[in-house]
Amino acid sequence: MNAREALRRAGETKPLVHHITNYVTVNLVANVTLATGALPVMAQAKEEVREMTSLASALVLNIGTLDPQTVEAMVLAGKTANECGVPVVLDPVGAGATALRTRTVERLVSEVRVAAVCGNAGEISTVAGLEAEVRGVESLAGDAEQAVRLVAKALGATVAATGPVDYVSDGETTLAVCNGHPLMGRIVGSGCASTAVVGCLAASAGTADVETVAHALAFYGAAGEDAAGLSDGPGTFEPRLLDAISALSEKPERLEGRLKVEGL
Amino acid sequence: MNAREALRRAGETKPLVHHITNYVTVNLVANVTLATGALPVMAQAKEEVREMTSLASALVLNIGTLDPQTVEAMVLAGKTANECGVPVVLDPVGAGATALRTRTVERLVSEVRVAAVCGNAGEISTVAGLEAEVRGVESLAGDAEQAVRLVAKALGATVAATGPVDYVSDGETTLAVCNGHPLMGRIVGSGCASTAVVGCLAASAGTADVETVAHALAFYGAAGEDAAGLSDGPGTFEPRLLDAISALSEKPERLEGRLKVEGL
Amino acid sequence: MNAREALRRAGETKPLVHHITNYVTVNLVANVTLATGALPVMAQAKEEVREMTSLASALVLNIGTLDPQTVEAMVLAGKTANECGVPVVLDPVGAGATALRTRTVERLVSEVRVAAVCGNAGEISTVAGLEAEVRGVESLAGDAEQAVRLVAKALGATVAATGPVDYVSDGETTLAVCNGHPLMGRIVGSGCASTAVVGCLAASAGTADVETVAHALAFYGAAGEDAAGLSDGPGTFEPRLLDAISALSEKPERLEGRLKVEGL
């Protein structure tokens, strides 16, 4: 679904998006979700995740800070989302950096049917089994376009590798998204936030197909462009980014002609 | 105690407020506490909560993200607060959304004597046993005025339901608070922050009686009004809200004539 | 190493800094690390901390919110850092406030060879075994200059006590740092952030000697001075502080003549 329609629907239906995420960027992720027009909820006790996911319109799993209980909660919530037909969006933060993260991603995609995987080039390359260099949670190299195609085919999912250009593929169609601004890479959690926006638009659209994911990233990038002009650095950029997301999601018609999504 | 006197005392005595809270809004809650003139401390290891609470002038329990250990820590800290005669303020985030949350609130109010319960209309209605619609952690419906009276009588506590109008009751007196601004509902953690302000003023006043709670919410709402005029959206609103809380708590006389608290 | 050289190197080498830290200020700590020119990574699962630390150029341990598993992870990561010759920087948040915190600090400095300890005067006095008054995580008293010398000699490490004047000692040389602004004490996590900056410059310099630590604190203080002039209160100060750190770390030559570091 295109971004304008998905945002219009989000504003009307206020879909609930259930995040199981890291404790570093959780506040930004929640605020980005709210600014996009959805309702965020964070819950990760194994006692309640099935119930919470069953109320939600999308589930976003982000492995930025891992512990064993959280992984179990992610599997439980993911299976519930599959049963309910709710799209699951996975952000494999730091895959390739440590064995635990790589293994956790492997487990999640084998036990849960994910609708979309969104990460940086290094993380997606790791998932693809390609050579990549990941330092901590930052990607330093990787052939993003090849990686998204490979992972999309392997998983039967939409796969996005974000960076100066975002690549999005479902294995057949591959799109390039050229919106964005360098300041986005200078705040912690920009990647987590973009995955959250994908989750919101998937919740609204009821699908995480290649168009919906690419449009979500283009919308997020356009908000970053708007925010950058009002910022003096990464600190003032973050609140301005939330303002810009909110302004565009309230008046999606302002996106007309701004989304730079191209077929490859 | 009225807000001006409570804020003046907070500025003099810098009361310690012990929060056991969620990991989504914890930073905002801590900064709001500091801006109100109190000293925040977050501690939830069962090994130290009794010691930390015994040093504090108020205990704020917020169930926004739950896990079994944290619930045990809340009970331990709550009992310590009761022994020390320190007011306990409870924010039943998401009560009604999942059985775990509803059950946890029931356990907390049965094992700990709470001085005040502050939530949104749906959460308070759930605690009251009334019908309510809670989606995730957002309240969508509920008769707030009836709910606060019922819960206040049942618990022998001050109960507040926040929203466009806040209702505060001790079972006999019910007050309506009309300060605030719609932007407050567009940042994540506005409710957690208002409960934190209640905790700060209760710490300063030594009581969470109906006047203290209503004045805390009116003060917080007035700060929101000041911040809204300087904001371009929810992102820039949050830092402006902290500035406004800080400015008013440093010069409480500026609240003169601004608090919209009325008996019902 | 002086701040200008350390920042220049950080910009070139983008050293990875591994933080095991509290959930209150973790987002600020990560953003400060990124703004300083380093790459932050947060990881605390015992299954991955050894691997993550072995990839890092510095390890920062912050005990702001403790639980038993995290303490074990800190010990594991600390020992790995020692094996790899990577500097370990410890922030003993709240030492002296509860027995758990004091005990944890004792355990960490006995099992891990720390390169630097950075805390407020009360925390460092507690580590020194001096009388101190710590309320929650705020220091209210303590003889900082005496405390840093004592702890530095006892541990064979660089020790900093931050406050209106920061004192830094390696047991032989003691330096006073007079940069900074009162607004820095009015945001939650300013101390955690200063320790993060010490970690970043130690990562870049390959050492946490007395000059590196003092210069890191002076640099951070200078950024606070720049930010204060653009702020209307603690809320708007925080994003401005990140902007200022980022601007100075990108052009370290702007620090020329601004660092107020004096021998005692």
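Predicted model: local features only at pLDDT ≥ 70, side-chain atom pairs only at ≥ 80, totals over all residues.

Reader: OK. What span should helix H5 of chain C have, and how far apart are its end C-alpha atoms?

Author: Helix H5 of chain C covers residues 99-111, which is 13 residues, so it should span 18 Å. Its end C-alpha atoms are 18 Å apart, which agrees.

Reader: Which residues of H5(C) are buried?

Author: C:Leu100, C:Arg101, C:Thr104, C:Val105 and C:Leu108. Seen down the helix axis, they fall within an arc of 135°, so they line one face of H5(C).

Reader: What do they pack against?

Author: Elements of two chains. From chain B, strand E2 (39-42) and helix H3 (49-55). From chain C, strand E3 (58-62), helices H4 (68-84) and H6 (121-128), and strand E4 (88-91).

Reader: New topic. What rotation superposes chain B on chain C?

Author: One of 120°, with 0.0 Å of shift along its axis and an RMSD of 0.0 Å. The two copies are thus related as by a three-fold rotation axis.

Reader: Which residue of chain B comes closest to that axis?

Author: B:Tyr23, with its C-alpha at 3.7 Å.

Reader: And which residues does UniProt list for "binding site"?

Author: The unreviewed UniProt entry lists A:Met42 and A:Gly189.

Reader: Is A:Met42 buried or exposed?

Author: Buried, at 5% relative accessibility. A:Met42 sits in strand E2 of chain A. Its contacts include A:His19, B:Tyr23 and B:Arg101.

Reader: Where is A:Gly189?

Author: In the loop between strand E10 (174-177) and helix H8 (190-205) of chain A. A:Gly189 also counts as buried, at 11% relative accessibility.

Notes: Residues numbered from 1 in each chain as written. Chains lettered and ligands numbered in written order. Heavy atoms only, no water. Least-squares fit on C-alpha atoms with pLDDT ≥ 70 in both. Helix = DSSP H or I, 4+ residues; strand = E, 2+ residues; numbered from the N terminus. Expected span 1.5 Å × (residues − 1). Buried < 20%, exposed > 50% of the residue type's maximum accessible area, 1.4 Å probe, protein only. Arc of directions from axis to C-beta. Contact = heavy atoms within 4.5 Å. UniProt positions renumbered as here; feature names shortened; annotations may be inferred. Lists of a residue's contacts leave out its neighbours within four places in sequence.
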